[in-house]
Amino acid sequence: MDSTVQTDSVGAFGFLARSRTIAKPGFNRWMVPPAALCVHLCIGQAYAFSVFNLPMTKLVGIGQSAPDDWNLPALGWIFSIAIFVLGFSAAIFGRWVEEGGPRRAMFTAALCWAGGFLISAIGVYVHNIWVVYVGYGLVGGCGLGIGYISPVSTLIKWFPDRPGMATGMAIMGFGGGAFIASPLSVWLMSKFSTSTHIGVAETFLAMGAIYLVFMMVGAFLVRVPAPGWKPEGYTEPVQASKLITKSDVYVYDSPRTPQFWLIWAVLCINVTAGIGVLGQASAMSQEMFPGRVSAVAAAGFVGLMSLFNMAGRFFWASTSDYIGRKNTYLIFMVLGFVMYCAVPYTGSIGSVPLFVLCFLVIISMYGGGFATVPAYLKDMFGTRYVGAIHGLLITAWSMAGIFGPVLVNYIREYNIAHGVPKAQAYNVTMYIMAGLLFVGFFCNLLIKAVNSRFHMQPQDEGGALSTAAAAGAERAAQLTGKTA
Amino acid sequence: MTTAHQNGTRVWQLILAWGFVGIPLAWGVAQTIANAIKLFQ
């Protein structure tokens with residue numbers, strides 16, 4: 001099954017080759033999740049980038065912003081560019097990642113991520129924000145995208161019995177990276193700052209160095225299973241589920257299937273619903289419960305939400321191994337619908353605990369959506385190109401990153417401008433989110449097994465397929481003429 | 001599950017690998033919980 005297209009590196013970089021990462025007999029597969037976590041815990045720093053925003057508005061003025069200092073909207077673009085590039089680099093480099101193996105991908109991601117910090121440090125030093133955009137946004141964003149998908153298919157191959165749990169562990173690391181990065185950044189800045197200098201550039205350099213080492217450890221720990229390897233005592237189910245294929249779909253054939261776009265829509269809706277409230281949770285809690293939730297308590301609430309975001313990734317992805325991927329997303333949509341509808345009610349009865357509970361459940365499902373989707377793709381499209389297909393699907397995240405905050409912010413402002421009290425300004429948004437989940441419920445319900453005409457044929461294996469045409473003219477005609 | 005053979009993965013290697021990622025993560029989570037509890041008091 002793992003007769004991978006060999007695009008092995010030669011010469012000095014031969015150690016990156018997929019063939020050099022094949023595990024020897026006796027290798028314990030539980031070594032692979034820490035390797036994946038080495039990468040995801042580092043790139044998860046992106047969620048904590050906002051800790052640099054305020055210090056970076058005072059690089060010239062030190063005590064307070066000077067006219068030459070950068071402003072917050074300009075700084076906000078750094079994160080936006082990085083997330084945008086994440087989605088598109090994952091889509092563009094997905095096949096390269098899949099065929100070259102996880103070590104080459106992790107190594108490249110480490111260089112990009114650390115290089116992004118290095119370039120950004122230079123940008124801060126010379127005080128040119130465009131250099132930071134290129135550094136953290138563009139180069140670092142490529143590290144984010146390549147790093148995010150690099151361990152996915154490897155983990156699925158090592159854990160055919162628990163693919164959800166395996167990918168959930170790695171993607172949990174992406175959620176958890178901010179927990180490390182946030183206090184580490186603050187601590188480093190306090191060490192490098194003086195009364196006449198803010199140590200952002202030095203902090204970037206230090207973090208780049210730390211992340212380079214950490215990610216390289218992951219790159220050298222990671223192994224792929226030998227062809228035909230299976231866990232001891234594991235036997236593939238004789239009667240396979242209709243929704244779990246044993247065949248593979250070529251990466252660039254997957255967008256031709258309705259299943260790809262249905263899962264894309266489900267992920268986009270789930271992320272839109274979560275990301276919109278994640279960014280506004282602090283303000284929302286204070287405005288819905290004026291005088292009862294202080295700014296300090298709201299910050300604690302945001303911390304709790306981040307914990308549930310991380311824990312949900314592991315919990316829901318692991319649960320999906322037992323109840324199935326489709327059922328897991330059905331729960332997300334139905335429970336999410338109930339929770340979003342309940343939020344205005346919690347505000348009307350003034351129940352802070354119920355409000356907090358609703359959002360903690362919602363945010364756990366937001367994280368769970370991210371973590372469960374690789375296993376969903378594996379069930380639909382097989383393991384061969386699952387990492388690359390996952391890369392294509394991550395564009396849904398980029399889109400949701402625009403939809404979610406826009407829905408929450410603009411509807412709130414529209415309501416307030418039309419005389420709606422602040423405490424009720426979010427109600428319409430909550431109902432719209434519930435409506436989106438209702439649509440997502442039907443998208444998920446429509447997902448069936450992929451038509452067998454999209455499955456790779458034996459002659460496709462091991463050959464470097466450039467397009468679907470490689471599968472034969474007849475099949476190409478079918479692809480262009482029909483849909484699944 | 002694959003077990004460690006004589007020339008395969010040793011238990012200490014597993015502990016080292018998981019400790020390498022688990023300790024920083026646990027530290028970060030502990031910091032967040034400590035802040036969250038403090039803030040809600």
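Q: What makes the crossing of helix 3 of chain A and helix 5 of chain A right-handed?
A: In this predicted model, the crossing of these two helices is right-handed. That label applies because the near helix is turned clockwise from the far one by less than a right angle. The angle at which helix 3 (residues 72-100) and helix 5 (residues 129-149) of chain A pack is about 40°.

Q: What is the distance between the axes of helix 3 and helix 5 of chain A, and which classes of residue form the contact?
A: The axes lie 6 Å apart. The contact of helix 3 with helix 5 of chain A is made up of 20 nonpolar and seven polar residues, with no charged ones.

Q: Why is A:Ile62 called partly exposed?
A: A:Ile62 has 16 C-beta neighbours inside 10 Å. A residue is buried at 20 or more and exposed at 12 or fewer, so A:Ile62, with its 16, counts as partly exposed.

Q: Why is A:His127 placed in the partly exposed class?
A: Within 10 Å of A:His127 there are 15 other C-beta atoms. Buried would need 20 or more and exposed 12 or fewer, so A:His127 is partly exposed. Phi of A:His127 is also positive, near 55°, in a residue other than glycine. A:His127 belongs to the loop between helix 4 (102-126) and helix 5 of chain A.

Q: How do you know that domain 1 of chain A touches domain 2 of chain A?
A: Chain A is divided into domain 1 (16-22 + 29-221) and domain 2 (254-457). Contact requires C-beta atoms within 7 Å, and 29 residues of domain 1 are in contact with 29 residues of domain 2 in chain A. On the domain 1 side, the elements giving two or more residues are helix 3, helix 5, helix 6 (152-158) and helix 7 (163-192) of chain A. That side has 17 nonpolar, eight polar and four charged residues. The centres of the two domains of chain A, taken over C-alpha atoms, are 24 Å apart.

Q: How do you know that chain B is in contact with chain A, and what classes of residue does its side have?
A: By the 7 Å criterion for C-beta atoms, 24 residues of chain B are in contact with 27 residues of chain A. The chain B side has 13 nonpolar and eleven polar residues, and no charged ones.

Terms used. Residues numbered from 1 in each chain as written. Chains lettered and ligands numbered in written order. Predicted model: local features only at pLDDT ≥ 70, side-chain atom pairs only at ≥ 80, totals over all residues. Contact = placed C-beta atoms within 7 Å. Nonpolar A, V, L, I, M, F, W, Y, C, P; charged D, E, K, R; others polar. Axes fitted to C-alpha atoms, helices over the stretch in contact; angles between N-to-C directions. Helix = DSSP H or I, 4+ residues; strand = E, 2+ residues; numbered from the N terminus. Domains from an automatic or database assignment.
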